[in-house]
Amino acid sequence: MLHFYILLPFLAALLIGMFAKKVNRIHTGWLVLPIPVVLFIIFCLKLPVLAEGKIVQSTADWIPSLDIQLSFYLDGLSMLFSLLITGIGSLVVLYSIFYLSRKEQLTHFYVYLLLFMGSMLGVVLSDNVFVLYTFWEFTSISSFLLIGFWFYRDRSTYGAQKSMLVTVFGGLSMLGALILLSITAETNSIRMMIANRSDILESDLFIPILILLLLGAFTKSAQFPFHSWLPDAMEAPTPVSAYLHSATMVKAGLYLVARFSLIFSGTDTFFIIVSGIGLITLCLGSFLASRQTDLKGILAYSTISQLGMIMAMLGFGTGTAILAAIFHIFNHATFKGSLFMIAGIVDHETGTRDIRRLGGLYTFMPISATLAFIGAFSMAGVPLPIFNGFLSKEMFFDSSLKLEQTAGLAGTFAEWIPILAVVGSIFTFVYSMYLVFGTFLGKQNTDQLEKKPHEAPIGMLLSPIVLIVFVVVVGLLPNLINEPLLAPATAAVTGDLPHIHLAFWHSLNTPFYMSLTVVGIGTLLAFTLKKWQPLYNRIPGKFSSDHWYQTIVNGLLRSSKSITEFYMTGSLRLYFSIILVFLVVSTSIFMYFTEGFTISVDDLAPITWPEVLVGFVMAVAAIATIWMNQRIAAIIVIGVVGYGLSLLFVFFRAPDLALTQLIVETITVALFLLCFAHLPKLKTSDKAISEKLIDFIIAVSTGALLTIVAIASHSSKSFESIAKYFVDNSYKLGGGDNIVNVILVDFRGLDTLFEIAVLGLAALGIFAMIKYRDKGDMNQ
Amino acid sequence: MMSNFVFLPIFIPLFVGAILVFLNKKHQLTMKISYLTVFLSLGVSIYLSYYVFKNNPLILETGAWKAPYGIILVADKLSVIMILSVNVIALAAVIFAASSVNSKMVQHYFYPLFFLLIAGVSGAFLTGDLFNLFVFFEVLLMASYGLIIIGGSKVQFRESVKYILLNLFSSILFVTTVAFLYSVTGTVNMAQLGERVAEVEQQGILTGIAILLFVVFATKGALFPLYFWLPKSYIVPSPVVSALFGALLTKVGVYSMLRVYTLIFSHKLELTHTFFIWVATITMLIGVIGALSTSNVKLIIAYNIMPAIGFMLLGIGTFSAESLAGTIYYLVHDMAIKAALFFLAGLLVWHAGTSNLNKMGGFIKTSPLLGWMFFIAALVLAGIPPFSGFIGKYLLLRGAFDEEHYIAAGIGLLSSLLILFSVLRIFIGAFWGEVKEEPKEKVRSSGLAASGLLIAISILLGVGAEWFYPYIQSAADSLIDPQIYIDFVLKE
Amino acid sequence: MEIVMSILAGTLFAAGVYLLLQKQLLKIVLGTALLSHGAHLFILTMGKLNRGAPPILEKGIKIYTDPLPQALILTSIVISFGVTSFLLVLAYRTYQSNKTDMMDQLRGTDDE
């Protein structure tokens, strides 16, 4: 059954793509809305099954011979994600109905969105790694299309290309890791890999696999240093930002790390890399968020930072940490999703997202403002029981204090973690306040705004309201989702079912003090923001991740151009030289290493002087051709070679050959004469001595190589030639005395048929060239 | 009786091509005959493939002379797969030609040359004799010489001279090397060559000869550093010719390598095949760098030929049943998608009136179908699942990783990313963005139909891989054990 | 004798290659002609020289020269002839349209 649920959005995409235009009267979004809603309900109905500790699975064939099967399974972790994908998906579609006007290319939008939805479901439900990879790349593709939705804008296409390149880079690394995993564990199923994890842990390839896999996760989840695609992705319409780039797609990397934790977690390498990158991202993201002036920009960096926080917790690996991570995945989706939607509302109703031009909007949009405040305070971790964000943040602090690593590098690192956690959270607090105070309180600048601000229509407010309700309810009654949802999800990651009771108040313990510190210092920094904000400008732009991206991409394009122009000169001489040098060098090296050269003087024909003489004359003539600058002289000399060869054929008992050579040579000489008459005179070569020397060396070495190979070939005759058959049977079976003729016409007649075809083709080409002389291009 | 069928894929185009020479002034009639011919030929190939896979390979001993004395045509699993692919491409080309080949080109013998090209390529895929392979090479080369100059523009002549001279040299080298091989082994029949080379374990000069042969095929097949003639010469003729060149000509080189280095020269693997892997790796990288270096849409596609060939050679060098299956799968996929991309590039250039990407923009509004086809084609080329490129790439990478060629596999992954980038640039540059200049003409629908057919096949090869993969793996299995072929041909 | 002929053929090849690297198109074509001659001589030499009678059956003669290389050379001569003719006409037309026959002026820029 599961594969039908994944198939459904794809089918819907196809149908919407084909038929939506015909249903003109209603907003396409209404046609799309049932899909995620239905799926959400279906998944909810499966919750009890999971609560019993069972899982749901289904398999369908795709490529059985390669063991790439559509096998899906639904456990706690995939359930959490599926609910987010479908639940937030429903809310986003509802929101988009009011956000996107009918003038936009709605069909395209919803098709891309549905493609994404199906792919994302595919990612979290796949058991087969290569099917997971397929859906993973599809999320990159649908994200590309959605970011570039307003494709006539340069910034949109830039953002789309950047997201595609960065995530596909990660995707391909991940593919490498998955193939290696598949080879090492001898299976394509994740569950089987988990069962065989000792094979993986003991393999020499463990660290490369881990790094490649993490590259996939880090790029998708915008971790340092791959984070800069996310702010540029904000060019997408806001429903997309709320859906993909905060609640679902960017969490795919977290999903990957979580899913594979049962294999990799517990090792020091995993801990250091994952937590390390996570914490760096947390701090960097939150620090840079307060620098932004675009509402969505702040939210983008905020997302980067929050994802870092979750990634860090996944790195910690303890039961508490994982539960906290899972919890925060849920919470973050609720408050961030709603904040994005509010930002969209502000944009929609005022015409701008620039925080410097906004302010004091509370009076005009009280509902939005309240929602934003709740969401932001939850994100900041304000210690009040209505904020779910505070609960998960406390757990974050708590788990940072209870790390299991004590020895070595990991242990030293572990001691710094709580400090980094607090620092990151302080800045989180700062930007959260910055966001809501800057937009909704403070001075009003309404006369500078394009539109007269007013509250959003209820349709647009519905989705954020729902999400904020979740924020508050889960804040007050967290255990409502603990047992049915969070615990099974944690169990899927750690292997053990946690029995932790979530509560607001645990006593005046260290995590609480940490929270108080955050609020204290955070408030201070937030209210003095204007004073120290200029500090940001002191940071050299050179270090920004976007700058690195641009340097790499532009550098790539520029160096490609110069490398290619270096060797693709259009000069025939260069091309020939390289080919010849390659030929001589590689063949010689191989001959050397295989001791290919042999020379045997046993089976040689005796040297007869007439033949040598003719040969000598031919050689001289050949070399003379090089210096002949009179056209007639050149032809004579080449004729000497040709006729000399004919003579050699006579000497070497090949009468037919001699005749043919004679005829062909004569015609060729005639043709040369004809051509020479119409072409310019021959000139002396005006090449530099060094060039001539190079030509000479190449020429001589090529000739020498072939001579050597010829001699060696002649000296290592190992078998009786099949020619004996021709001699024996030419008359008996072929009916002819002239063996060569019989070969040509009978034994190897096919060759002759096609040699005639070649002649015919040549004639055709020549005829066309001469008869149909045309001025200019015919390629129209 | 059945063995005579083997000659049909060569004979039909040969015969029709010869007839069409006399009909070069009758455009409509020529087109009708061409359509009929490609359908007939396609039908024959399908039947032939069905027969060979169901029963056993077919041999035609021309003139009823037994192998190895006479020339034989061998339709084994690999050959029929290739023949089938050639005929599909031929069909697509004829469809495309319907709107892109004008009467002047027909007068210049486009269709006869086209059919002779098909005949030559088919012959190369079916022959079991090394010298005969040379002859078929010459047939297809000569046909290509004729095709490349149709149109008679300055640029065409200029580039064709280089094209012809370089191929002429490699042909001369080919025939000389066959002679050397004959001297040592006493035969030119491929099966017997395989048998005899194996008997002496490829000692002595034989490996040197193998490398000479490699240079010949590598020049034809566009491997580094022998491909410099290719990009510019492939883009100067009409798009349908470019597509034929890109889809067929280089593949003959790859096929020859596949055949020769599994059947005959597979006894010094650590030397020869490691060398192949290095050449393949460098080609994968430098080739795609070429694709990134230019803003000429057609040139971008032409440069993309090289990384693909690099991938295929990687599979040959790795020399495992899995990697060879990857090479074959990739061969078939690449024939389809390269032809499609050359078609699309040609359509785009006609639509835009220029091949300079920097002068294009916003065409998704004026030709959405073309744009989306380009997009899908880019994904297929880069190896994004679930399209055909992924299956081939997966098998090749897996084979490489399995045999611990980590660097090569890594470069393969990197190359895939850059390939995607190079073609994505076309999509973003030409179809997204603002319209910079108004399009010059509407996109020709038969062109779109031809491209659509090939893209549909690519999708089918990916999504429906289960229908194709077992056959291809079966073909690879018979390659990895040359004794099968040898026994079949010589014991007959 | 085979060694001597191999050296001769190699010389023809070398001269041909040298011409191939020249600037003037006709010299290049001359070079290809030399290359073909060299190749044909190589093929003949590979079949052993002067071992028996010419390959025309006659009563009483048992040993003949190897006929297969001769047949191969014949095929190759014809094919080379075809290509050379085509090449010469092409050289003529190229000169006509590009107004030069010097290869270094025929490099081509990155045109459209």
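**Close-up views of a predicted model**

**View 1. H5(A) crosses H21(A) in a left-handed manner.** The model shown here is predicted. Helix H5 of chain A covers residues 76-99, and helix H21 of chain A covers residues 458-476. Their axes come within 7 Å of each other. They cross at roughly 155°. Angles over 145 degrees count as roughly antiparallel, so H5(A) and H21(A) are roughly antiparallel to each other. Two packed helices are described by the angle between their axes and the distance between the axes.

**View 2. Side by side: the residues where H5(A) meets H21(A).** Which residues does H5(A) bring to H21(A)? They are Leu91(A), Val92(A), Leu94(A), Tyr95(A), Ile97(A), Phe98(A) and Tyr99(A). From H21(A) come Gly459(A), Met460(A), Leu462(A), Ser463(A), Val466(A) and Leu467(A). The residues of this contact divide into eleven nonpolar and two polar. No charged residue takes part in the contact of H5(A) with H21(A).

**View 3. Chain C against chain A.** Here 75 residues of chain C are in contact with 84 residues of chain A. Three helices of chain C each give two or more residues to the side that touches chain A: H1 (2-20), H2 (25-46) and H3 (67-98). Which of them gives the largest share? H3(C) does, with 23 residues. On this side of chain C, 49 residues are nonpolar, 16 are polar and ten are charged.

**View 4. Chain C against chain B.** In this view, 29 residues of chain C are in contact with 29 residues of chain B. H2 and H3 of chain C each supply at least two residues of the side that touches chain B. H3(C) gives the most, with 14 residues. How does this side of chain C divide by residue type? There are 16 nonpolar, nine polar and four charged residues.

**View 5. Chain A, its helices and its spread.** Chain A has 33 helices and two strands. Its radius of gyration is 38 Å. The globule rule gives 28 Å for 780 residues, so chain A is more spread out than a compact globule. Along its principal axes, the C-alpha trace of chain A spans about 115 × 60 × 55 Å.

**View 6. Domains of chain A.** The domain assignment gives domain 1 (317-527), domain 2 (539-568), domain 3 (572-720) and domain 4 (721-780). How far apart are the C-alpha centres of domain 1 and domain 2 of chain A? These centres lie 38 Å apart.

Note on methods. Residues numbered from 1 in each chain as written. Chains lettered and ligands numbered in written order. Predicted model: local features only at pLDDT ≥ 70, side-chain atom pairs only at ≥ 80, totals over all residues. Domains from an automatic or database assignment. Axes fitted to C-alpha atoms, helices over the stretch in contact; angles between N-to-C directions. Helix = DSSP H or I, 4+ residues; strand = E, 2+ residues; numbered from the N terminus. Parallel < 35°, antiparallel > 145°, perpendicular 65-115°, else oblique. Left-handed = near helix turned anticlockwise from the far one by under 90°. Contact = placed C-beta atoms within 7 Å. Nonpolar A, V, L, I, M, F, W, Y, C, P; charged D, E, K, R; others polar. Rg over C-alpha atoms; globule rule 2.2 N^0.38 Å.
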